[in-house]
Amino acid sequence: MATTANALDDLIKEYLIYRGFTATLKCFDVDLKNDKSKSFKVENILEQFATCIHNTDITSLRKYWKYFDRCFFSQLGHDTYKVIKKLEGNLLKLYIIHCVQTNKMDKVTEFFEKYASELHHEDNWKEWFALPFMKNPEQARSFSICFTKIWQDSVLLSLGNCLETVFNNISLPTLLNFEKEKSKFEKLEEENVKLLGRLASYEKEIIQYHARVTAEKTDAACQTIDISIEMNHQERLKKSKSIEPSTTNTKPKFGWKIFAGNKDSVKTPKKENNKPDGKLDEKQLFRSSLDESALRRLKQLTKQNSTNKIKKTNSEDNGVINKQLNDDISLSSTEGDEENVVDVTVPSADFYVPLDNNKDVTSDSLTLARSNSKQETPFIVLSQDEFTEHNASIISCRFSDNNNIVASLDVSGIVKIWQCYPAISAQSMVTLKGDYTSLDWVPKLDGKLVLGKGNSVLSLYDVNQKKMLWETNINSKFKRVNCITSSPVSATAAVSLASDSKKNNSNQQQKLIKMKQYPFHTPKSSREGCLCLWDLHTGQKKTDLTLDPNPVCIHSLAYNHNGTLLVSGGADGMIRLYDIRNNDCLIGWHGHSTNVLDVKFNPDETCIYSIDASGKLAVWDINKVSSKIAEFPLPAGSTGIYDYSNTGDEIPSSHLLACDSEGNHMMTCSPSGLMLYQVKPIDSMEEVMHLVSRCSEVLTLDWTSSPNCSTAICGTRKGTVQISTLLKR
């Protein structure tokens, strides 16, 4: 029961985090710490009783006992309750004995003053009222056994056994009954496994039986062939004795055929006998014409049929024909220059002979053919199109809330807004030129796009009216808007700002623009930054979020489904989880040794995915935050790019991973296209599909999915945006 209670406590915590009930979660944690039943762990309960006795705190001891009496013991029957009362009396006597042994006679006197009126009518307590007035009670015959360690240990042991029995037999609430259902299910699974094992053994026996029967038929057929050959040899040997020596130079010719289907005769080339004595060895001639290797091959193929059970599906496509052998051998021959044709027929057998007789049909070749067949992918690619208006590498491309419009941003700071459904527009609807570094659609404001610049400017653009609604400066200290993420339930955005150059790295400011892979950077060279919440209705800052222990640049942000939790990944390798209702950082942990480039909640919000600069993808348990479930390496070049300009600015690629709506599949970037992985169960990651990019390596992606059809977009290094429409199988 203790195991069940602990598991249920974890489930409740997970649910509270999922719903965003952080205040309830804190209260629940406090109640768990003060839990008197100790999650039904008997050893912890006994330890609490022993603590009260050793501290000579009779008030706490009685209060703790009354809690169990009220919650558990009161549900027992009358006979059982008598045993419980006897245990209570022994526990109080143990308290008195401990007071006497520790020379705390004042505690003994206090005990009898408080509870004399309650205990005087019980027969087993009458002698104990004289104990405070005895000089050596341990020598008294009535009390000597109570001063032994055996009796004292037996009291606590009896209490523990009683509690264990009570916990296992009391009526449980509905939530705690799931353990019993789980046990039933496990037993059913074990029975199913046993039955499947028995079924497999029966199938194996049936296969062996059929193989044995087929082998016996094959042996009978081969014996018939040998007998018929011997009989014909004897018959022809008799005829050859009547041939005169003068005619020994006659060159007999023999041929043989196996009747197959239409039973057309197959004639072999003529063979000559050059025996010097002039007598024909008919048996030798016959076996030379009826090639022994062919006969051996016939037996071998028949036996292979009995063991491998090869079935014919299409004789023309597979290059095989069905050889049905009859149950008799007919030999017809003529003398002189006429051709002798031997017709060989044996009992029929169901096997198939390849058209190319130089190749054997084996089970290994069939297995290899099956393994070379294409594995079915989870999605069918219906179409792939490209948007090619950008002239620089794409660092962000995002679907609008209705999935009809895409906003794409390149490394030169140009934003293009274009239509992707029902067809890709030939030209962009809007082109915004400026030093833009990040963007995101606002779900609660239809057709609104929030934009960030490299000069610490935040703005809101109306795509429908094609005008800028407002533009404001955020922070004079941190120049660049590094990352923007809009809340799914309100007109609020989390905005990350970063300094315009890295600390202690002035040499970088003198370098020209240079594209490199992000893994060359470590948290030691990370820049400072800040994180704040912004009201998109008014264009005013709401509050700052703490970045302990040091202000650091945040590369990635993600909300949960109801906007109450926010997860961030920073250049210091830390992952932080915020409660947005209280604007409080719940927890932060060092998840990676390098920069964290992207973080995401999985769709059912039971875990967090994170990608770092070294190309490692980590899975974190949201219920036991900072507990890593698994870690997987991604293909080299899956972590985007950085732009080193003469100002030292870095423009990272954003959104390096995405999940489908059901949480069964994950999509990531790669140098050759989009990689699709199966991520159920949660601690596994198996590649199931590869969407090849026609242009160059993929730097950023977005994926909008529905139960049946979905659309994926990816931005490439060459400045194209590829759109793939996928249909679920």
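Helices (H or I, at least four residues) and strands (E, at least two) in these legends are DSSP runs, numbered from the N terminus. This is a predicted model, where local features need pLDDT of at least 70, side-chain atom pairs count only at pLDDT 80 or more, and totals for chains, interfaces and linings use all residues. Residues are numbered from 1 along each chain as its sequence is written, and side-chain values use heavy atoms, with hydrogens and water left out.

**View 1. Strand β8, tucked inside.** Six of the six residues of β8 (residues 405-410) are buried, so the strand is largely enclosed by the rest of the structure; buried here means under 20% relative accessible area (1.4 Å probe, protein chains only). Ile405, Ala407 and Leu409 point one way, while Val406, Ser408 and Asp410 point the other. In a regular strand, side chains alternate between the two faces of the sheet.

View 2. β7 (residues 394-399) runs antiparallel to β8, joined by five bridges; two strands count as paired if DSSP finds at least two bridges between them. Look for Arg398 opposite Ala407 of β8. Five residues sit between the strands, and Asn403 in the turn has a positive phi of about 65°.

**View 3. On to β9.** β8 also pairs with β9 (residues 415-419), again antiparallel and over five bridges. Ser408 has Lys416 as its bridge partner in β9. Four residues separate the strands of this hairpin, where Gly413 takes a positive phi near 90°.

**View 4. Two annotated spans.** Residues 387-419 are 0% helix and 55% strand, with end C-alpha atoms 10 Å apart. For residues 589-623, the ends lie 14 Å apart by C-alpha, with 0% helix and 57% strand.

Methods
Buried < 20%, exposed > 50% of the residue type's maximum accessible area, 1.4 Å probe, protein only.
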